[in-house]
Amino acid sequence: MKHLRSIEELDAAGILSLLELTDHMVEINARPIPKVPALRGKNVVNIFFEDSTRTRLSFETAAKRLSADVMTFSVGTSSVNKGESLRDTIETVQAMGVDAFVIRHKSSGVPWQISNWTDASVINAGDGWHQHPTQALLDCYTIRQALGRKGGFEGLRIAIVGDIKHSRVARSDVQAFAALGAHVTLVAPPTLLPPSIAGWPVETSQDLDSLVGKVDVLYLLRMQRERMSEALIPSLREYTDRFGLTADRARRLGDSTLVMHPGPMNRGVEIAVDPSELPGNVIIQQVANGVAVRMAVLFQLLGQGDSLA
Amino acid sequence: MKHLRSIEELDAAGILSLLELTDHMVEINARPIPKVPALRGKNVVNIFFEDSTRTRLSFETAAKRLSADVMTFSVGTSSVNKGESLRDTIETVQAMGVDAFVIRHKSSGVPWQISNWTDASVINAGDGWHQHPTQALLDCYTIRQALGRKGGFEGLRIAIVGDIKHSRVARSDVQAFAALGAHVTLVAPPTLLPPSIAGWPVETSQDLDSLVGKVDVLYLLRMQRERMSEALIPSLREYTDRFGLTADRARRLGDSTLVMHPGPMNRGVEIAVDPSELPGNVIIQQVANGVAVRMAVLFQLLGQGDSLA
Amino acid sequence: MKHLRSIEELDAAGILSLLELTDHMVEINARPIPKVPALRGKNVVNIFFEDSTRTRLSFETAAKRLSADVMTFSVGTSSVNKGESLRDTIETVQAMGVDAFVIRHKSSGVPWQISNWTDASVINAGDGWHQHPTQALLDCYTIRQALGRKGGFEGLRIAIVGDIKHSRVARSDVQAFAALGAHVTLVAPPTLLPPSIAGWPVETSQDLDSLVGKVDVLYLLRMQRERMSEALIPSLREYTDRFGLTADRARRLGDSTLVMHPGPMNRGVEIAVDPSELPGNVIIQQVANGVAVRMAVLFQLLGQGDSLA
């Protein structure tokens, strides 16, 4: 495994093996000094063409806990603005000695392009609407941890609710959940489903109420306010009424139904209750597991077999 | 001691004990390799909602000298701008594993709110006009060092001059200086005094000249140019004439009168002489002591008793 | 050697000695863990008044490989914007404990001013059109490495092509190349030559074609698009025709002619072929050597004689 550009680069065994490695990272993170020298001297460079403090901090924390050096390449102030091509930028930074690039970009496919131009590993931290593989891995880890599903998700019912069309999280999650054997239902108004969903290993529904109480995991996507001005939804209030986690729906959730969200939450829109009052809320665990999963990915790509011992 | 949100969280003994710990940090900073492993694996996150390169660099240097990891959360590029609540932001970053938040915010009280939402320690690096406790500690340390006052400030006369109303430095300094026994006089035009000063352990004066030569410490506050357009002062020139450290007043200062300023200085306004020519100038020592004091605070909040040995 | 503000602070022996030290750094960079503790506890502060991701990352990587701490002072958000003088800013940051300042500034001479105000070493990372000494050193190292010229550049023919007038790279390179014995020709339209070139150890030419195939090194400068609106060149197309590395000229280059560029390249302007297809292309090696040269400079200024052993 050289890169992690898409969750499709992993089969079920590959996902499960990374989740096992994550167990080890969770153990490290619980130590009084949560730091190991496993990646000392490795150089991880974050190139975020789209801002994401949350994801950048998570990767940065993960790299530091493995003693890698981390540098952030701020695109706003870079040669990209002086007309340099992306390829020249990458080749230049690579020449300084980079072991892994963590890339976020608004265009789908950029991590693949970049991996053609560099010897370093490329980790996709989100490309357009396309992929966000470490999010899918942390979501799998969180479900596995909360439901004790070490062997896979066979028979598990997961609903992903919201703006599927514009969501790289949904695309990556669908692939990972299905690879592990879960039964996934996408719940969204037709305007927020991708134009062609044929071939996706999912069912679709527009009736959230019929699923509440019947699924093991309710995964809410962030509803971007811009979608209203784009006329993809009539209003945020109507969206909440039909697709939000309202107090009424929260009451009908089983105590064991996990409630998940990739953050940042739009409170009052996709989630109209305080998630901290829900028994199955694991939203904060998702964030915590994100650091451990990214440690596992960095170690898998850059580490030596026995250097965690 | 879990947080340092206000200087009021410390009594005189608590302040003196931190100043003694600072002595130890000053000794570390004088070593050829000024770095100890005391906070290895601890994660300090700076969240500066208001810019302050000076204070951020000081905390960052302090954390690195104790071998803590430091990350800066740049609010300009964060989820705060995507409509996420401050509480969700803090809980999210906290979930990545934070031991201390260093917070600067334009609103008074934010560090208290934040400490309700996190298990991490909260250090107030300035909240509105309210508090800046590490500034007060570094000011106390600088006076103690320069005047050999290890036991406290009993009988010491300190004048704080300038825009008291809008100054968190003044509020914190008054409390710390008074707790240690100093006699504090605030010198300002009435428009730059807080509306209600009743209960403050101070005297007030509008006559700087009557104090020059009689005080042990002359503490000049930064005069923000905006105050003129707000009509709080008639003009910067008149402000300097009445409340600035002019050449004439500098001549009348005793050689042993300390001259202090929290920076950044507005030369020609509150200070119309070159401070480096004043015998009692300790402005640069204040900055240097700031690193040592912040090391002491970080160690007090996050360290183990014997790990400095 | 206390500062590196200009290449003129080094004579030929000084340059050659730094290039030998760079050999050692290249060896360190080739190790599985490219990191040595030589500068542990040293504090390097980047102050970039002009943006340059490329140069900043290079210095940051160099410092981290020697285990120094690095902090970046972002001028956009600093007290410089609150009206503080540059001198007060430098003295303040210095007081926090700085061993070296790496300075980039749009005005010539600023690194000299700064070195008057601080005990720290000052490294000029580019001041206006004036100097960029580490660029000259990495260019020398790249030529020495590619052509096996350990003893100097006696008899070597180097053409520097393009906007000499506005180029700190050209000024520094001319001095370094000439100090090592090379014969330098500047190739540019008269509008892009400095007003007075008397005393420079160079020839000038407007005829690139007569030199192609006869020089050992073809050094192309970045052509800034602004020069056209300033009417210094008639058009970018005509510039390329007369001074660019076109396919035709590339064919007439000897296989052993080195092609160099300080980056970022304006493809299609000063270089209208893909440099990766040229046998003598060393543009990427320049970047890689930049890290090693900056390690050598930092170690020379801050290190102890035997701490690399």
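1. Which residue in β6(B) is the bridge partner of Ile160(B)? This is a predicted model, and in it the partner of Ile160(B) is Leu186(B). The two strands concerned, β5 (residues 157–161) and β6 (residues 183–187) of chain B, run parallel and are joined by five bridges.

2. In chain C, strand β5 (residues 157–161) pairs with strand β6 (residues 183–187) in the parallel sense, over five bridges.

3. Taking the chain C sheet as a whole, it is an open sheet of five strands with parallel pairing, in the order β7-β6-β5-β8-β9. The edges are formed by β7 (202–205) and β9 (258–260) of chain C, and because each has a single partner strand, one side of each is left without a neighbour in the sheet. From one strand to the next, the twist averages 20°.

4. How are chains A and B related? Chain B can be laid on chain A by a turn of 120° with a shift of 0.0 Å along the axis, giving an RMSD of 0.0 Å. That is the relation of a three-fold axis.

5. The contact between chains B and A takes 21 residues from chain B and 21 residues from chain A. On the chain B side, β2 (69–74) and α3 (86–95) each supply at least two residues, and α3(B) gives the largest share, with five residues. Sorted by class, this side of chain B has five nonpolar, ten polar and six charged residues.

6. For the contact between chains A and C, 21 residues of chain A meet 21 residues of chain C. The side of chain A that touches chain C draws at least two residues from each of β2 (69–74) and α3 (86–95) of chain A, with the largest share, five residues, coming from α3(A). The classes here are five nonpolar, ten polar and six charged residues.

7. A last point concerns Ser108(C), which is found in the loop between β3 (100–105) and α4 (110–117) of chain C. Is Ser108(C) buried, exposed or partly exposed? With 15 other C-beta atoms within 10 Å, Ser108(C) is partly exposed, since a residue would need 20 or more such atoms to count as buried and 12 or fewer to count as exposed. Leaving aside residues up to four places away in sequence, Ser108(C) touches Asp127(C), Gly128(C), Trp129(C) and His130(C). Ile7(C), by contrast, is 101 residues from Ser108(C) in sequence, and the two lie 14 Å apart in space, C-alpha to C-alpha.

Note on methods
Residues numbered from 1 in each chain as written. Chains lettered and ligands numbered in written order. Predicted model: local features only at pLDDT ≥ 70, side-chain atom pairs only at ≥ 80, totals over all residues. Least-squares fit on C-alpha atoms with pLDDT ≥ 70 in both. Helix = DSSP H or I, 4+ residues; strand = E, 2+ residues; numbered from the N terminus. Contact = placed C-beta atoms within 7 Å. Nonpolar A, V, L, I, M, F, W, Y, C, P; charged D, E, K, R; others polar. Pairing = 2+ DSSP bridges. Axes fitted to C-alpha atoms, helices over the stretch in contact; angles between N-to-C directions.
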